[in-house]
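This briefing goes through one protein structure by topic. Please look over the sequence and the model before reading the points below.

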Amino acid sequence: MSELTGVLAVYKPAGYTSHDVVAKARRILGMKRIGHTGTLDPQVTGVLPLCLGRATRVVEYIQELPKEYVATLRLGLSSDTEDMTGTITESVDEVHVTEAEVLEVLNSFKGVISQVPPMYSAVKVDGKRLYELAREGKTVERKSREVEIYEIEMTDMVWNGNYPDITFRVLCSKGTYIRTLCVDIGRALGLPGVMVELTRTMSAGISASHCLTLEQIAEHKEAGTLEQHLIAADEAISHLPRHSVIDEKKKAAMQGQRLSIRYVAPEVKQSGDFRLYDLQGEFLGIYKLEESGAIAPVKVFAQG
């Protein structure tokens, strides 16, 4: 039996790390070559696309795509982990904030923003992950980095005793820490803030409705119906432009040779990676336009 190839959209349950999900999938599917496309903290649920077999070669392209989350922020408290799994480090007796004030602040976060990665994160500083240092009780200086918030909107505001819980949907770029966003929103309102709950509702264009639970994956594997739930590797990177090569040069393309631009249609006019197909629609691989004007292979998928 040939190895499964494609993108499998998993709905990650709470209590699992992303690596746990990969390990579980490996056991269910009986295969080693599986990669995930963006880490989720253990308590976070939601969309986690897994790349199977040869599709692991598109992980880096999927990781670059926007992600959507639904988060709940509690104003009036803060913790050392920026979420409720940590130790509460600050609290206020009363919170006075209006819905209009919250909406105004949320809107102010649209666009490119600067974030300082939380101490409890996988970012490496001098070869060591921040969460390892945090567990040793150390705090180190972290460089801020730019991320982009494409959309942000409040979906609910309810009072939990003295503290308001703000639920919002956010569409953002790779590398955005939603925990840190919650803290920063609180700070902009002059209040401590902590993330109470987080769900990833979309990753790389894959929504929660397209996901299978680990239990459903096991059932489909047993029934022999899992393959029909896989997203083809080239479909998962459909944000890359599509071009076709003439039949006479298909073999050369499959062998990873450089090609003249005149063999490819439509004309490749800009630099950057693109998907290359034959005239019958078979996906051959990912290519790029070189400065010389030649088409060069980045990753060849077709097997001749």
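The lining of the second largest pocket is made up of five nonpolar, three polar and three charged residues. The model is a predicted one.

- The volume of the second largest pocket is about 220 Å³.
- Its lining consists of Thr 5, Gly 6, Arg 54, Ala 232, Ala 233, Asp 234, Glu 282, Phe 283, Phe 301, Ala 302 and Gln 303.
- Glu 282, one of these lining residues, sits in the loop between strand S17 (273-277) and strand S18 (283-289).
- With a relative accessible area of 35%, Glu 282 is partly exposed.
- Not counting residues up to four places away in sequence, Glu 282 touches Lys 250, Leu 276, Tyr 277 and Ala 302.
- Between Glu 282 and Arg 27 there are 31 Å in space, C-alpha to C-alpha, and the two are 255 residues apart in sequence.

**Nonpolar cores**

- There are 33 residues in the largest nonpolar core, and those with the most contacts inside it are Phe 168, Val 170, Ile 178, Leu 181 and Ile 185.
- Two or more residues of this core come from each of strand S4 (67-75), helix H3 (99-108), strand S10 (145-160), strand S11 (163-172), helix H5 (178-188) and strand S12 (193-203).
- Another core, of 22 residues, lies apart from the largest one; Val 58, Ile 231, Ala 236 and Phe 283 are among its residues.
- Phe 283 also belongs to the lining of the second largest pocket.

**Helix H5**

- Nine of the 11 residues of H5 are buried, so the helix is largely enclosed by the rest of the structure.
- These buried residues are Ile 178, Arg 179, Thr 180, Leu 181, Cys 182, Val 183, Asp 184, Ile 185 and Gly 186.
- They pack against S4, H3, strand S7 (111-115), S10, S11 and S12.
- Leu 181, one of the buried residues of H5, is in contact with Phe 109, Ile 113, Gln 115, Ile 149, Ile 152, Phe 168 and Val 170, leaving aside neighbours within four places in sequence.
- After H5 comes Gly 190, with a positive phi near 75 degrees.

**Cysteines**

- The structure has zero disulfides.

- Phe 274 is part of strand S17 and is buried, with a relative accessible area of 1%.
- Phe 274 and Lys 288 are 14 residues apart in sequence, and their C-alpha atoms are 6.0 Å apart in space.
- Not counting residues up to four places away in sequence, Phe 274 touches Leu 240, Pro 241, His 243, Val 268, Gly 285, Ile 286, Tyr 287, Lys 288, Leu 289 and Ile 295.
- Ser 78 belongs to strand S5 (residues 77-79) and counts as buried at 12% relative accessibility.
- The contacts of Ser 78, leaving aside neighbours within four places in sequence, are Thr 87, Ile 88, Thr 89, Glu 90, Pro 192, Gly 193 and Val 194.

**Backbone features**

- Most residues other than glycine have a negative phi, and most peptide bonds are trans.
- Glu 82 is not a glycine, yet its phi is positive, about 75 degrees.
- Glu 82 lies in the loop between S5 and strand S6 (88-91), and at 13% relative accessibility it counts as buried.
- Ala 204, also other than glycine, has a positive phi near 55 degrees.
- The loop between S12 and strand S13 (206-207) holds Ala 204, which counts as buried at 15% relative accessibility.
- The peptide bond joining Ala 265 and Pro 266 is cis, with omega about -10 degrees.
- Pro 266 is in the loop between strand S16 (264-265) and S17.

Methods. Residues are numbered from 1 along each chain as its sequence is written. This is a predicted model: local features need pLDDT of at least 70, side-chain atom pairs count only at pLDDT 80 or more; totals for chains, interfaces and linings use all residues. Side-chain values use heavy atoms; hydrogens and water are left out. A nonpolar core is a set of buried Ala, Val, Leu, Ile, Met, Phe, Trp, Tyr and Cys residues joined through side-chain atoms within 4.5 Å. Buried means under 20% relative accessible area, exposed over 50%, partly exposed in between (1.4 Å probe, protein chains only). Helices (H or I, at least four residues) and strands (E, at least two) are DSSP runs, numbered from the N terminus. Contact means heavy atoms within 4.5 Å. A disulfide is a pair of cysteine sulfur atoms within 2.5 Å. On a 1 Å grid over the protein atoms alone, a cavity is a set of points where a 1.4 Å probe fits but cannot get out, and a pocket is an open set with protein on both sides within 12 Å along at least five of seven lines; lining residues have an atom within 4 Å of a point. Grid points are joined across faces, edges and corners, and a volume is the space filled by probe spheres set on the points. Ala, Val, Leu, Ile, Met, Phe, Trp, Tyr, Cys and Pro count as nonpolar, Asp, Glu, Lys and Arg as charged, and the others, Gly among them, as polar.
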